[in-house]
Amino acid sequence: MKNQLEYVVPCHFGLEAVCKREITDLGYAITKVEDGKVTVAGDIEAMVKANISLRTAQRILLKVGEFRALSFEELFQNIKAIPWEDYLPENARFWVTKATSVKSRLFSPSDIQSITKKAMVERMKEHYHTGWFPEDGADYPVRIAIYKDVVTVGLDSSGESLHKRGYRKMVSKAPIEETLAAGLIRLTPWNRNRILVDPFCGSGTFPIEAAMMGANIAPGMTRQFQGQDWTNLLPARMWQDAREEAEAAILRDVDMDIQGYDIDPQIVKAARENARRAGVDHLIHFQQRAVHQLRHPKKYGFIITNPPYGERLEDKEDLPILYREMGEAFARLDGWSEYVITAYEDAEKYIGKKAAKNRKIYNGMMKTYFYQFPGPKPPKRKIHDEGGDKAGSGEKQ
């Protein structure tokens with residue numbers, strides 16, 4: 001296997017720039033940015049660090065091949081030409097876990113999956129000189145993405161999607177994914193020295209992700225990854241070292257003003273429990289409170305929130321009142337900045353002001369908009385108070 005590898009890092013549509021910045025901050029070079037994915041150059045250790053550290057990535061795919069294919073025969077021959085023996089031991093369990101095709105001649109996912117598997121088996125037969133594979137070893141799931149007839153082949157080193165940090169056992173009706181929440185926070189100028197309130201906190205994702213950023217807690221520190229079983233490619237010690245490094249980087253004595261409110265007492269209880277599992281319950285104040293009760297005596301805080309969209313028809317009737325109450329609450333907050341992700345098309349109308357900017361974001365398959373209402377900058381602090389307050393900072397305000 002080559003020393004210099006490439007990784008494909010899928011992310012939410014609309015958050016490519018945020019994901020790119022995270023990868024660059026880790027010290028790795030970006031080779032390509034496309035809709036919903038970033039391609040990265042790095043060594044084998046990059047797989048480990050990216051899985052443990054990246055907050056906005058969906059998964060980390062080790063890129064093993066890329067080629068053009070206009071027929072299933074071309075697909076078969078090009079897959080067979082990949083040196084699978086460099087990546088898969090003889091007892092590997094391997095299959096195509098997902099195949100996608102956009103604007104391409106080859107469009108049947110099931111055929112793409114079966115032909116890829118067959119070609120892999122033929123290559124492995126020739127190398128290992130056997131006609132049968134036990135497939136009782138580690139899992140090596142393969143992902144195929146075809147776009148405009150260009151086939152990208154990747155080994156999925158993450159396993160479960162990276163939004164599954166491990167802390168969220170209890171969820172609200174319409175939870176926002178942890179990776180999306182982290183990306184949206186990074187699109188704002190919030191940092192750990194600024195107040196953050198989520199008046200529709202649900203299971204606590206925005207407050208928890210913000211607290212983890214502020215305390216420099218790596219998102220994947222406590223979960224497992226598929227690549228940990230790939231001992232033929234990298235030693236287990238590499239994962240252990242990366243976790244120890246992440247543990248040592250946590251800011252233990254940090255203090256933040258982060259608050260999460262929800263009208264449902266059971267959801268508030270679940271949010272507290274999720275925060276406890278994430279190790280940030282001491283940094284967040286959760287409380288049962290409706291949005292019309294939202295007040296805060298201090299200036300220059302941030303609202304970052306995912307209010308109800310009215311997914312069901314019967315809920316849509318309540319939205320004008322709810323968004324009007326949200327707008328009235330915003331108006332009471334002196335000098336605050338508000339950031340709202342919603343699919344509700346009349347959000348600005350009922351909030352009562354026009355967003356300075358809105359960004360189209362796909363929340364799963366749903367098209368939403370991230371409405372940005374930046375407030376004034378606070379006066380600059382004295383130099384000795386300024387140190388180390390960049391956690392979670394994003395676009396300038």
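This briefing covers a sheet with its helices, a cavity, a pocket, a helix pair and a group of paired strands. The model is predicted. One cavity of 30 Å³ or more turns up in a search of the whole structure, and the largest pocket has a volume of about 1200 Å³.

- Strands β1 (residues 5–10) and β3 (residues 37–42) run antiparallel and are joined by six bridges.
- Within this pair, Val8 stands opposite Thr39 in β3.

**Helices on the sheet**

**The cavity**

- The largest cavity has a volume of about 70 Å³.
- Its lining consists of Tyr7, Val9, Ile23, Leu26, Tyr28, Val40, Ala46, Ala50, Leu54 and Ile60.
- Two or more lining residues come from each of β1, α1 (16–26) and α2.
- By class, the lining of this cavity has 10 nonpolar residues, with no polar and no charged ones.

**The largest pocket**

- The largest pocket, with a volume of about 1200 Å³, is lined by 27 residues.
- Of these, Pro10, Phe13, Gly36, Lys98 and Thr100 are the closest to the centre of the pocket.
- The elements that give two or more residues to this lining are β1, β5, β6 and β7.
- Strand β6 supplies the largest share, five residues.
- The pocket lining divides into 13 nonpolar, eight polar and six charged residues.

**The α5 and α6 pair**

- Helix α5 (residues 178–186) packs against helix α6 (residues 205–214) at an angle of about 65 degrees, and the two axes are 9 Å apart.
- The crossing of α5 and α6 is right-handed.
- On the α5 side, the residues in contact are Glu178, Ala181, Ala182, Leu184, Ile185 and Arg186.
- They meet Thr205, Phe206, Glu209, Ala210 and Met213 in α6.
- This contact has seven nonpolar, one polar and three charged residues.

- Strand β12 (residues 337–342) pairs with strand β14 (residues 366–373) in the antiparallel sense, over five bridges.
- In this pairing, Glu338 stands opposite Phe373 in β14.
- Strand β13 (residues 357–363) also pairs with β14 in the antiparallel sense, over seven bridges.
- Asn358 has Tyr371 in β14 as its bridge partner.
- A hairpin is formed by β13 and β14, with two residues between them.
- In the turn of this hairpin, Gly364 has a positive phi of about 70 degrees.

Key
Residues numbered from 1 in each chain as written. Predicted model: local features only at pLDDT ≥ 70, side-chain atom pairs only at ≥ 80, totals over all residues. Heavy atoms only, no water. Pairing = 2+ DSSP bridges. Helix = DSSP H or I, 4+ residues; strand = E, 2+ residues; numbered from the N terminus. 1 Å grid on protein atoms, 1.4 Å probe; cavity = no way out; pocket = protein on both sides within 12 Å on 5 of 7 lines; lining within 4 Å. Points joined across faces, edges and corners; volume = space filled by probe spheres on them. Nonpolar A, V, L, I, M, F, W, Y, C, P; charged D, E, K, R; others polar. Axes fitted to C-alpha atoms, helices over the stretch in contact; angles between N-to-C directions. Left-handed = near helix turned anticlockwise from the far one by under 90°. Contact = heavy atoms within 4.5 Å.
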